[in-house]
Amino acid sequence: MIELQNNNKVKFFSLLFLKLFLLGIVSIMLFTILYNSFFNPFSQNDQNMTVISLSTVRLLRSILLTPLIEEVIFRLGIQNLFKHLSKSNIVAILFTSLIFAFAHEDTIFLPYFFNSLVYGFLYVKSGNSLKMPFSLHIANNFLSVLM
């Protein structure tokens, strides 16, 4: 089995960080487009109108505060716990992603599972730093407001 290693830490303001960040954004956007095209039973316009009607405070909370809280809980807490118990980054990322997706019970499972896989992978690749998954989570939430 292939195992993710976190020996090579990615510096926050580096070209590799930018490449991984852009790869994360593109992969999440492509997955979301494909998922919405084939599997999402709800109209994208209905979802956009719901997001647009949010107040500024709720909007800032969904873009900044929620990603911070979720990344602390899911990466620092749950993913690190599963990594400690299983001694495997892949197992830790998979189980954390399952819990992350189930925690968003009012929404559809698969997009949240995929996003968490990306956040978990980038957490490991960045040397267990929250900077990359947190930045990507903010960007994803911001883009979801715009789309």
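Mentor: Let us begin with leucine 136 in this predicted model: leaving aside its neighbours within four places in sequence, leucine 136 is in contact with Phe21, Gly24, Ile25, Ile28, Val118, Tyr119 and Leu122.

Trainee: Is phenylalanine 21 buried or exposed?

Mentor: Phenylalanine 21 has a relative accessible area of 18%, and because buried means under 20%, phenylalanine 21 is buried.

Trainee: How should I read a group of such residues, and which residues touch the most other members of the largest nonpolar core?

Mentor: As a general idea, nonpolar side chains in soluble globular proteins tend to be buried together. In this structure the largest nonpolar core has 14 residues, of which Phe21, Leu122 and Leu136 touch the most other members. The elements that give two or more residues to this core are α1, α3, α5 and α6 (131-146), and the largest share, 5 residues, comes from α1.

Trainee: Turning to the rings, how many aromatic pairs does the structure hold?

Mentor: The structure holds 6 aromatic pairs. One of them joins phenylalanine 74 and phenylalanine 100, whose ring centres are 5.0 Å apart and whose planes stand at 80°, so the pair is edge-to-face, given that planes over 60 degrees apart count as such. This pair links distant parts of the chain, with phenylalanine 74 in helix α3 (residues 56-86) and phenylalanine 100 in helix α4 (residues 89-103), 26 residues apart. Phenylalanine 74 counts as buried at 7% relative accessibility, and phenylalanine 100 counts as buried at 1%.

Trainee: How does the pair of phenylalanine 109 and phenylalanine 113 read?

Mentor: That pair is stacked, at 5.7 Å centre to centre with 15° between the planes. Because phenylalanine 109 and phenylalanine 113 are 4 residues apart in helix α5 (residues 109-125), they are separated by about one helical turn. Phenylalanine 109 is partly exposed, with a relative accessible area of 30%, whereas phenylalanine 113 counts as buried at 16%.

Trainee: What lies over the face of phenylalanine 100?

Mentor: Arginine 75 lies there, at 5.7 Å from the ring centre, and phenylalanine 100 also belongs to one aromatic cluster with Phe74, Tyr112 and Tyr119.

How values were computed:
Residues numbered from 1 in each chain as written. Predicted model: local features only at pLDDT ≥ 70, side-chain atom pairs only at ≥ 80, totals over all residues. Heavy atoms only, no water. Buried < 20%, exposed > 50% of the residue type's maximum accessible area, 1.4 Å probe, protein only. Phe/Tyr/Trp six-rings, centres within 6.5 Å; stacked < 30°, edge-to-face > 60°. Lys NZ or Arg CZ within 6 Å of the ring centre and 35° of its normal. Core = buried A, V, L, I, M, F, W, Y, C linked by side-chain atoms within 4.5 Å. Contact = heavy atoms within 4.5 Å.
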